[in-house]
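Hello,

Here is the structure I promised to pass on.

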Amino acid sequence: MTSMTLGSGATAIDLKHVKVFYSDKLAVDDVSIPIYKNKITAFIGPSGCGKSTVLRAINRMNDLIPGARVEGEINYHGKNLYGKEVDPVEVRRRIGMVFQKPNPFPKSIYDNVAYGPRLLGVTDKRTLDEIVERSIKGSFLWDEVKGDLKKSGLALSGGQQQRLCIARTIAIEPDVILMDEPCSALDPIATQAIEELMKELVKSYTIVIVTHNMQQAQRVSDFTAFYSIRKAEETGGQERRWGVLGEFAPTEQLFSNPKSEETERYIRGEFG
Amino acid sequence: MATMSTARERVKDEAKFTAGLRNRHLRGQIWMRFFQAAILLGLLALITLMFNVVNRVYGLTAVRDAVPVSTFSDRPLEELNASELAGILVAQLPSGGRVLVRDSLIGQENYNNNREAPLSQLIQGVTLPDDVGALTLAQLQPENTQVIFENAFTPEDMRLTIITDIVGREVLESWTWSESLFNRAAIDEKVASTADWEGAQLEWRSWLNFSFLTSRMTTVASESGVRAALLGSLLTIFLTVVVAFPLGVGTAIYLQEYSTGDHWFERLIETNIRNLAGVPSIIYGLLGLAIFVRALEGITQGRTIISAALTMALLILPVIIINAQEALRAVPPSIREASFGLGATKWQTVFRSVLPAAMPGILTGTILGMSRAIGETAPLIVIGASTFIANDPTLASRFTVLPIQIYNWTKDPREGFSEIAAATIVLLLIVLLLFNATAIILRQRFRRSLSA
Ligand SMILES: Nc1ncnc2c1ncn2[C@@H]1O[C@H](COP(=O)(O)OP(=O)(O)OP(=O)(O)O)[C@@H](O)[C@H]1O
Ligand SMILES: [Mg+2]
């Protein structure tokens with residue numbers, strides 16, 4: 001674990017006063033955090049507090065949801081990702097994503113990993129072979145599948161599928177990898193494999209991970225952002241809920257010495 | 001009003017549970033029997049139908065030759081070569097076959113323009129010896145017609161002409177397979193005793209045979225074939241699918257993937273496509289007649305296979321679009337997310353992930369459309385399919401197809417024609433089965449490449 005303190009090190013991404021709306025309904029209010037380069041940042045918080053929403057805002061996946069809108073700035077290399085001239089396709093090529101449920105394409109293992117490079121126009125068989133092998137090795141899946149890359153990606157186990165999805169993501173050499181609860185569908189052994197993989201990947205990539213598992217956040221992450229829920233009574237007795245950033249700190253500090261009582265209650269498992 | 005505790009007691013009541021369980025199983029059993037009976041009924045109807053058709057395809061037939069082959073040839077026609085067949089035509093036809101030459105020229109443009117022109121100009125695509133080619137029709141002598149026949153006709157054509165024009169073969173009556181088996185005595189009796197059936201020959205005959213598939217249509221049922229209709233059907237279906245598949249899948253992709261469905265115009269299109277699937281096919285025929293046969297005659301050449309296929313394409317477009325849309329909608333969103341997440345553009349996502357995953361469903365829709373198109377008759381009657389096509393059709397020629405031929409032959413009162421109609425029905429079913437089998441294999445191939 002790192003002993004780094006807030007403010008040092010280079011930032012890869014800077015979120016400034018980010019608000020996300022779904023059809024004009026506020027989902028997350030005013031999030032400002034840095035994502036440090038070559039570090040693992042964990043998002044924790046109760047269900048519905050907007051962890052996935054913020055994560056998806058970072059690589060503009062929310063653009064795909066009709067009615068979703070982002071306010072504020074998300075700066076990447078000093079450039080606002082929501083600026084007018086920015087193409088979301090380019091954003092997603094640099095900021096890759098691994099989803100909660102493993103979602104390999106219904107194609108062979110090889111074609112799954114080669115999908116991204118092919119999108120970029122790589123057609124040369126030798127180059128593709130090399131990328132596929134390096135990516136699958138990079139996600140520690142090589143020994144299990146090397147004999148049969150023609151096999152369908154769907155024929156793998158859940159944990160293998162998730163590592164295939166990670167291989168697929170690193171095949172396009174992104175800068176940042178966003179992972180939304182990548183281990184929630186996996187058993188402890190597969191989880192351990194992914195965690196070790198993350199520690200390896202962070203040497204060359206910046207990683208953001210959403211997790212419900214406090215131990216996991218403590219085990220793997222360098223920084224942790226805790227989100228919580230605010231509620232307000234609407235006229236008509238209806239309740240309005242939205243997520244806010246509760247606390248952001250180096251993981252060790254946040255877990256050992258949380259600043260707010262809300263954070264402390266949550267990490268001790270006494271929340272709601 | 002049940003209080004909380006009595007409601008719980010009711011749920012936990014063991015005696016009622018046991019009695020009720022028997023009842024629940026029984027109800028299930030009754031429904032299952034009902035479903036089985038429904039299937040049985042359906043099977044029975046299908047078997048009856050198939051029997052009825054197949055029964056007519058095979059059986060005894062009484063045939064009579066007005067002038068038996070043996071009166072002019074000591075060998076059967078199948079063994080004779082071209083010049084011998086031509087010799088028979090010249091010797092047996094009145095006027096030494098000149099009328100036959102003229103008849104086969106009637107309707108051709110060159111002949112209509114100048115009937116006095118030398119034959120080398122009238123008969124196109126055939127090289128005649130110079131002395132014969134220089135003659136006009138009126139100057140033809142029997143030895144000249146012999147040369148013309150040998151050069152211009154195939155032995156198969158000559159054999160058919162001999163049978164229809166010289167032998168005068170006639171189907172007197174044909175019996176179904178069941179009649180032939182169980183009523184043989186009465187049939188023999190009838191053939192022997194009917195006064196003007198002198199010289200009739202009784203034979204077992206399968207109306208669906210290889211030469212039925214490969215020969216041209218003639219006016220004699222026993223010699224007629226469906227070659228032109230079979231080719232017409234295959235060409236029409238081929239062109240229909242070539243036109244309707246890309247158009248239909250393209251429309252479905254637009255409506256499902258690009259259109260948001262918010263605009264009133266997009267909603268109007270969607271609703272209309274759904275309604276079009278239910279429009280009676282004869283309406284499409286009227287549309288095809290107005291647009292393809294009349295308005296676009298310059299392109300389609302009128303009542304041709306092109307017009308027919310375009311009309312059929314319109315007819316099956318809604319089926320393909322609706323099924324393709326359904327298939328696209330069924331592709332899980334996670335696949336799209338994965339693709340976008342890797343930096344794919346909209347088009348790349350659709351083309352590389354969504355479309356392949358939807359392909360099995362899209363093919364199913366296309367099979368449905370194809371099956372419908374191959375059996376459709378009404379719109380083709382409206383746009384003017386021909387009843388009698390002797391030559392092989394091309395895309396821009398007048399045409400007939402299998403269902404049209406079934407329709408024509410079924411209402412033909414002459415003996416033997418309802419039998420060849422039955423044979424054509426069986427053929428149509430076989431073609432349909434082959435198409436579906438091919439498409440299913442294709443679909444499985446796709447599906448296997450998609451899943452484990
Ligand atoms: N596509 C959507 N359309 C409308 N509202 C949405 C959509 N996705 C999420 N929301 C709302 O936004 C809020 C935050 O959701 P989000 O999925 O980000 O929570 P989360 O913190 O990831 O929860 P969990 O831990 O259960 O995954 C929720 O109130 C949710 O109802
Ligand atoms: Mg989530």
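A cut-off to start with: buried means under 20% relative accessible area, exposed means over 50%, and partly exposed covers what lies in between. Please keep in mind that this is a predicted model.

By that cut-off Arg163(A) is buried, because its relative accessibility is 9%. Its side chain forms a salt bridge with that of Glu144(A), at 3.0 Å from N to O. Glu144(A) belongs to helix α5 (residues 142-145) and Arg163(A) to helix α6 (residues 158-170), both in chain A, so the pair ties together parts 19 residues apart in sequence. Glu144(A) itself is partly exposed, at 42%.

Asp157(B) and Arg216(B) meet in a salt bridge of 3.1 Å (N to O). This one links distant parts of the chain, 59 residues apart: Asp157(B) sits in helix α9 (residues 155-167), while Arg216(B) is in the loop between α12 (210-214) and α13 (227-258). Asp157(B) is buried at 16% relative accessibility, whereas Arg216(B) is partly exposed at 30%.

Then there is Lys190(B) with Glu173(B), joined by a salt bridge at 2.7 Å, N to O. Here helix α11 (residues 184-193), which holds Lys190(B), is tied to strand β2 (residues 169-174), which holds Glu173(B), and the parts are 17 residues apart in sequence. Lys190(B) is partly exposed at 34%, and Glu173(B) is buried at 18%.

Back in chain A, Asp24(A), Arg69(A) and Glu71(A) form one network through salt bridges that share partners. Over all chains, the structure holds 32 salt bridges.

Best wishes

Conventions. Residues are numbered from 1 along each chain as its sequence is written. Chains are lettered from A and ligands numbered from 1 in the order in which they are written. This is a predicted model: local features need pLDDT of at least 70, side-chain atom pairs count only at pLDDT 80 or more; totals for chains, interfaces and linings use all residues. Side-chain values use heavy atoms; hydrogens and water are left out. A salt bridge is a side-chain nitrogen of Lys or Arg within 4 Å of a carboxyl oxygen of Asp or Glu. Helices (H or I, at least four residues) and strands (E, at least two) are DSSP runs, numbered from the N terminus. Buried means under 20% relative accessible area, exposed over 50%, partly exposed in between (1.4 Å probe, protein chains only).
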